[in-house]
Amino acid sequence: MEHRSRPNVKLHDSLERGLRAVLVAPHYPGLAHHDGIAPHIDALPAERQLLANPQACGFWKCYERLRLDGRPWNHKRAWRVYCEMALTLPRRTKKRVPQREPVPLQAGQYVNQGWALDFMHDALYDGRRFRTLNVIDAANREALAIEVSTSIPARRLIRTLSRLIEWYGTPASIRFDNGPEMTSLPFSEWAAAKGIALRFIEPGEPNQNAYIERFNRTYRNEVLDAYLFKSIEQVQHITEEWLLEYNERRPHDALAGLPPRQFLPRITTAADSSSGMAT
């Protein structure tokens, strides 16, 4: 006659009480007293009741803490109870970027042959974060736009580039990194409809977009790091004034000491391309 081993109900309940004492009960005192495990909590060292997130430890940290508290339970039983209490952490998977075929970095011989864009981050004086979308023409290093906002999703990126195309014409290609705004389906469909080639750089290779990276450094040194901003409007105003100076009067080392618009002028369809970009 076969005898099946009966589950140890008392051990299971003891395991659950121990796990709750270590992870859950310090954050939910009512739960502790409801299940009658307050004595277990009081016996724990004070530093072990100060977890900011009860699920931040993971199973093995929790198991080691139980062992340190003098609870010599088998890790398999502890794991079963841990799962039943829904304390398992979600598995984080790294987002895989498709293999990018690097395209040699070329400035181009005429305007609109290739644009480059990138995002930057900074904060106002009160701590609020904001982003900037920087767009330049690689041929003459002209800064076509710096969009400033607390959020610049793919839809706003499309609106900004569409406005630039109305003013300057359609570029043959645009170079950028693998950010979520540029890899989104709406942006890809928009570029295909416009006939714009998307030049993705390889992950971890910002030198493949060196022109916009050099521009970013100049913008950070002369604007973002030079002022304490009180509002987004102030960032926009100072940026617009700096863009006019950069494009029309500031000499550029790579352009024989000439400003971008003097080095390689363009025919625009807007009287003043610096106005209206921060809307």
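1. Let me start with β3: this strand is mostly covered, with eight of its eight residues buried. Keep in mind that we're looking at a predicted model.

2. So where does β3 sit? The sheet is an open one of five strands with mixed pairing, ordered β3-β2-β1-β4-β5. On average, and ignoring direction, neighbouring strands here are turned by 25° against each other.

3. The partner of β3 is β2 (residues 129-137); the two run antiparallel and are joined by seven bridges. β2 and β3 make a hairpin with four residues between them, and Arg141 in the turn has a positive phi of about 60°.

4. Now the helices around that hairpin. α6 (residues 154-168) packs on the sheet and touches β1 (115-123), β2, β3 and β4 (173-176), its direction making about 150° with that of β3. α10 (residues 232-248) lies across β2 and β3, and runs at about 175° to β3.

5. Which residues have the most contacts inside the largest nonpolar core? They are Trp115, Leu117, Leu161 and Leu164, in a core of 23 residues. β1, β2, β3, α6, β4 and α8 (185-194) are the elements that give two or more residues to this core. The biggest giver is α6, with seven residues.

6. Leu117 is worth a look on its own. Setting aside neighbours within four places in sequence, its contacts include Leu133, Asn134 and Val135, along with Leu157 and Leu161. Also on the contact list of Leu117 are Ile174, Arg175 and Phe176, as well as Met182, Asn209 and Ile212.

7. There's another core apart from the largest one: it has 20 residues, among them Ile136, Leu224, Val235 and Trp242.

8. Finally, α4 (residues 59-68), whose buried residues are Phe59, Cys62, Tyr63, Arg65 and Leu66. Why do these end up on the same side of α4? Because they cover an arc of only 160° around the axis. As a reminder, an α-helix has 3.6 residues a turn, so residues three or four places apart point the same way. Trp60, Lys61 and Leu68, on the other side of α4, are exposed. After α4 comes Gly70, with a positive phi near 80°.

Definitions and conventions
Residues numbered from 1 in each chain as written. Predicted model: local features only at pLDDT ≥ 70, side-chain atom pairs only at ≥ 80, totals over all residues. Heavy atoms only, no water. Buried < 20%, exposed > 50% of the residue type's maximum accessible area, 1.4 Å probe, protein only. Arc of directions from axis to C-beta. Pairing = 2+ DSSP bridges. Axes fitted to C-alpha atoms, helices over the stretch in contact; angles between N-to-C directions. Contact = heavy atoms within 4.5 Å. Core = buried A, V, L, I, M, F, W, Y, C linked by side-chain atoms within 4.5 Å.
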